Amino acid sequence: PAVVEPGGMATCTCCGYVLLRRSRFSLLFWTALTVTALIVFIVANHFPLARLTMLGKTIDATFIGALWLTWQQGHQVLSIMTGLAGFWFPLTQLCFLLWALRCIRRGRVPPDFKLAMRIYHAVSPWSMVPVLMLSIIVAVVKFAGLATLEPGAGVWAFALLTFLLTALSRLDSCRLWHYAEEAGLAPEARHVDGPPEWFTGCEVCGYVQHIAPDVEEDCERCGSPMHKRKPEMTARVWALLIAAFVAYIPANVMPMMEIRSTLGTSAHTILGGVIELWRLGSWDLALIVFAASVVVPITKLIALVVLMLGQRWRGWRVQRQRTRLYELLEFIGQWSMLDVFVVILMTAMANFPGVSQIIAGPAAVSFGLVVVLTMLAAMSYDPRVG
């Protein structure tokens with residue numbers, strides 16, 4: 001990393017994939033930003049997202065309250081799924097990041113630093129606060145015309161938290177290990193002679209070392225399992241893809257949520273929610289929900305199928321296109337979770353027993369399962385194949 005100037009990056013000469021970005025900011029800056037994000041995280045989850053009043057009844061809706069209400073309604077799997085993505089994984093990400101930065105600044109890396117960085121690397125893709133923030137906007141717009149709604153401090157805190165976590169997402173586990181290298185706390189990546197097929201880089205810390213083909217070894221620096229190529233990639237990706245296709249059918253056919261009011265009970269599917277937003281005049285949000293709930297899942301499924309079927313295509317131009325398609329999958333992977341978060345939030349905002357209630361439907365779990373399966377399939381795919 002010493003040859004990369006601050007603010008610069010190193011890319012693969014074959015496919016153009018970004019191998020390393022070097023920050024121009026100091027460890028003190030990143031530590032202050034992480035502490036700020038933790039404080040904002042507490043505020044966002046403690047204070048209400050909105051105060052709603054309907055027929056003389058008033059409720060304060062919070063994300064934690066929405067998770068607990070969903071659990072009480074019998075949707076434990078849905079509550080756990082959204083709670084992990086919207087609360088526990090972001091909190092784990094921030095806590096481990098702050099701890100790692102403090103260790104490097106103090107000039108001492110404890111033995112459990114390796115395990116902590118492996119956990120940090122594993123939970124980072126599942127932290128979905130930006131998706132949750134967009135879901136809050138959609139839920140607020142849906143209820144703006146049905147009840148008196150006052151935005152709470154939690155909304156503004158989540159908006160700020162989204163920007164902070166987006167900035168902190170640049171500090172992946174490889175970047176932290178590079179900071180430890182520069183501080184003399186970790187073995188540096190050394191220049192090694194030999195043909196390229198003798199070596200591979202660790203996905204967690206970026207350390208390049210010799211590894212024999214078809215042999216599983218642990219990284220010399222961080223201890224994470226390493227492979228020249230991901231084992232049984234084809235079988236794993238196809239199995240996850242088939243499971244995602246199967247789960248996608250009930251996710252679109254069955255109701256996403258059930259609305260109970262004094263006028264009766266009605267059920268809404270994913271497309272039904274899009275149509276309702278369009279009728280309310282929020283065509284922009286309707287397009288966003290349609291893109292996140294319909295276009296993105298189908299795009300992920302089709303893109304993964306294309307990547308799997310196109311493994312026989314050769315040439316650096318083809319490899320570069322495959323890499324760009326894989327980068328697209330990484331970017332859009334978590335945004336399909338939007339509709340699931342919207343359902344969770346609306347159960348809290350419409351919790352007026354005897355007047356209005358919203359219950360999550362069976363499609364919510366199925367759709368969340370599609371998101372998880374497609375993300376796992378993308379993680380199981382090895383973009384180095386070719």
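**Entry 1: Trp88**

I looked up tryptophan 88 and found a relative accessibility of 49%, so this residue counts as partly exposed, given that exposed requires over 50%. I note that the model is a predicted one. I then located tryptophan 88 in helix H3.

**Entry 2: the nonpolar patch**

I next asked which residues form a nonpolar patch on the surface. I recorded Trp68, Trp71, Ile80, Leu84 and Trp88, which together have about 540 Å² of accessible area. I checked which elements give two or more residues to this patch, and these are helix H2 (63–72) and helix H3 (76–106). H3 provides the largest share, with three residues.

**Entry 3: H3 and its partner H7**

I followed H3 to helix H7 (residues 173–182) and found that their axes come within 10 Å and cross at roughly 10°. H3 is therefore roughly parallel to H7, because angles under 35 degrees count as such. I listed the residues that make the contact: H3 contributes Leu97, Ala100, Leu101 and Ile104, while H7 contributes Leu176, Tyr179 and Ala180.

**Entry 4: the protein as a whole**

I then turned to the overall figures. I counted 13 helices and 12 strands in the protein. Of its 386 residues, 47% are buried.

Methods:
Residues are numbered from 1 along each chain as its sequence is written. This is a predicted model: local features need pLDDT of at least 70, side-chain atom pairs count only at pLDDT 80 or more; totals for chains, interfaces and linings use all residues. Side-chain values use heavy atoms; hydrogens and water are left out. Helices (H or I, at least four residues) and strands (E, at least two) are DSSP runs, numbered from the N terminus. Buried means under 20% relative accessible area, exposed over 50%, partly exposed in between (1.4 Å probe, protein chains only). Patches are made of residues with over 30% relative accessible area and no salt bridge: like charges are joined within 9 Å, nonpolar side chains (Val, Leu, Ile, Met, Phe, Trp, Tyr) within 5 Å. Accessible areas come from the Shrake-Rupley method with a 1.4 Å probe; for residues, only the protein chains shown count as cover. A salt bridge is a side-chain nitrogen of Lys or Arg within 4 Å of a carboxyl oxygen of Asp or Glu. Axes are lines fitted to C-alpha atoms, for helices over the stretch in contact, and angles run from 0 to 180 degrees between N-to-C directions. Angles under 35 degrees count as roughly parallel, over 145 as roughly antiparallel, 65 to 115 as roughly perpendicular and the rest as oblique. Contact means heavy atoms within 4.5 Å.
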